[in-house]
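Please look through the sequence and the structure shown here, and then read the short report that follows.

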Amino acid sequence: MILVSFKWVFDINSRAILRTLDAHKQPVHVTKFSTANQTQILSCSDDSTVRLWDVPSQSTITTFMDHTDYVRSGQVSPSNPNLILTGSYDATVRLFDARTGECEMVMGGSSAAAGTKITAPVEQVLIFPSGTVALSSAGPILRVWDFVAGGRCTRALSNHQKTITSLCFNSDASRLLTGGLDQMVKVYDVGSYKVMHTMRYPAPVLCLAVSPDETHIAAGMSDGTLSVRRRQPKASESSTNDIALSALKSGAFESFLGNLPSIGQGRVKSKEKSKPIGDVDEFRVERKRKKRLKEYDRLLKTFKYSAALDSVLRKQVPPTTTFSLIQELIHRDGLRTALAGRDDVLLEPILRLLLKYVSDPRFGEMVCDVAGVVIEMYTPVLGQSPLIDTLFSRLRKKVAAELRFQQDLVKVKGALDMLLATASLSSVV
């Protein structure tokens with residue numbers, strides 16, 4: 001596996017690389033544009049450094065080297081482009097100032113006070129739009145930090161059972177969404193930090209995003225699945241009661257039972273193993289299955305040239321595929337390797353292929369090239385197998401007949417040229 005330690009800036013329309021930012025020595029896990037200054041990019045790397053880049057000049061504005069372990073989360077303050085919040089596997093959350101190049105505030109860490117101590121790696125950090133309060137996740141604990149109070153931890157919430165891997169706000173930052181390895185996504189009210197909703201997913205959640213109109217929630221999971229859920233419209237309590245009353249008045253009590261069987265009917269339990277099913281309005285984007293390679297492709301990838309050639313000499317393989325593989329062997333300088341060391345049984349299908357297509361204009365030139373190599377390699381063993389001798393003899397006769405045919409064609413072409421030239425002269429006169 002190769003992990004890149006540099007960043008590219010692309011043009012979305014042309015997909016052209018506009019800038020390449022290369023200074024980190026280890027993989028880069030975080031790249032974010034500054035919300036207040038779109039010409040600056042933040043990058044956080046496993047080399048324990050945090051860099052703020054100037055895109056037009058393709059240079060580093062500031063480098064922060066205070067962390068002592070992987071830096072896997074970071075964000076530029078939405079209210080002040082000079083303030084940068086980062087979270088590291090050294091169990092600290094740090095607030096940097098790009099103007100001074102110094103760390104202005106340290107939150108957490110094993111040496112912090114009892115109420116603010118962090119013992120697990122910091123996975124995510126998130127700053128409120130006001131820029132005065134921040135959130136961090138380390139293990140299953142969600143912490144709230146107050147910058148105005150000097151980085152004091154005002155709340156520590158433990159609603160998840162496993163590590164929290166993602167944090168995000170809705171459009172007006174009135175709701176906070178957290179996703180974790182416990183396959184749960186929880187929605188908090190930021191006023192009271194009470195859990196308003198809980199959603200279960202079929203696999204551990206690694207990342208989250210909410211659409212700007214707050215109608216869809218996208219979640220990436222550890223099994224390679226992207227889940228997009230649509231939020232159900234809120235129905236008022238009065239309208240719900242009205243529907244229930246009308247259903248009862250009409251005798252539609254079954255509408256409250258869902259898919260339960262009618263009275264007097266049994267239910268047959270399926271023997272098939274049930275699959276995890278999400279919400280009815282959930283879209284699942286799964287990884288595409290890789291196309292299975294043909295046998296000759298697999299053999300080519302493992303450099304088994306002789307076996308690859310044998311696999312395309314079967315009757316059901318079209319000649320275009322056979323000669324395409326032969327052409328690939330020629331490009332790889334592997335034709336002699338594929339033809340070498342054959343006895344009469346393995347040499348027979350090759351000679352029959354040459355015999356069949358030597359007069360075919362599509363493959364004639366390649367047949368001649370292959371035939372030349374075969375004759376050169378197996379001339380010393382001629383006379384040992386009557387079948388091989390017969391096939392070589394038939395190939396020689398067919399080539400001779402083809403040469404005579406080509407000579408006749410050249411004569412006919414010359415005669416036609418003379419007739420056409422005479423006709424053109426007589427028309428001029």
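Asp-333 lies in the loop between α4 and α5, in what is a predicted model. Most residues other than glycine have a negative phi. Asp-333, although it is not a glycine, has a positive phi of about 60 degrees, and Asp-333 is exposed, with a relative accessible area of 69%.

Gln-58 is another residue that is not a glycine and yet has a positive phi, here of about 55 degrees. Gln-58 belongs to the loop that runs between β5 (50-54) and β6 (59-64), and at 38% relative accessibility Gln-58 counts as partly exposed.

## Helix α6 and its surroundings

Helix α6 covers residues 344-357, which makes 14 residues, and from its first C-alpha to its last this helix reaches 20 Å, close to the 20 Å expected at 1.5 Å a residue. The buried residues of α6 are Leu-347, Ile-350, Leu-351, Leu-353, Leu-354, Leu-355 and Tyr-357. These buried residues of α6 pack against α3 (305-311), α4 (319-331), α5 (335-339), α7 (364-378) and α8 (386-428).

## A four-stranded sheet

An open sheet of 4 strands, paired in antiparallel fashion, has the order β7-β8-β9-β10. Its edge strands, each of which pairs on one side only, are β7 (71-76) and β10 (102-108), and the twist averages 20 degrees from one strand to the next.

Within this sheet, strand β8 (residues 83-88) and strand β9 (residues 92-97) run antiparallel and are joined by 5 bridges. Gly-87 has Val-93, in β9, as its bridge partner.

Strand β4 (residues 40-45) contains Ser-43, a residue that is buried, with a relative accessible area of 0%. The side chain of Ser-43 is joined to that of Trp-53 by a polar contact of 2.8 Å.

## Cysteines

How many disulfides does a search of the whole structure find? The search finds 0 disulfides. Cys-168, for its part, is in no disulfide, and the nearest cysteine sulfur, that of Cys-207, is 9.9 Å away, whereas a disulfide would need the two sulfur atoms to be within 2.5 Å.

Cys-168 counts as buried, because its relative accessibility is 10% and buried means under 20%. Cys-368, with 47% relative accessibility, counts as partly exposed.

Technical notes
Residues are numbered from 1 along each chain as its sequence is written. This is a predicted model: local features need pLDDT of at least 70, side-chain atom pairs count only at pLDDT 80 or more; totals for chains, interfaces and linings use all residues. Side-chain values use heavy atoms; hydrogens and water are left out. Two strands pair if DSSP finds at least two bridges between them. Helices (H or I, at least four residues) and strands (E, at least two) are DSSP runs, numbered from the N terminus. Axes are lines fitted to C-alpha atoms, for helices over the stretch in contact, and angles run from 0 to 180 degrees between N-to-C directions. The expected span of a helix is 1.5 Å times one less than its number of residues. Buried means under 20% relative accessible area, exposed over 50%, partly exposed in between (1.4 Å probe, protein chains only). Contact means heavy atoms within 4.5 Å. A polar contact is a pair of N or O atoms within 3.5 Å; within protein, one must be able to donate a hydrogen and the other to accept it, and residues adjacent in sequence count only if both atoms are side-chain atoms.
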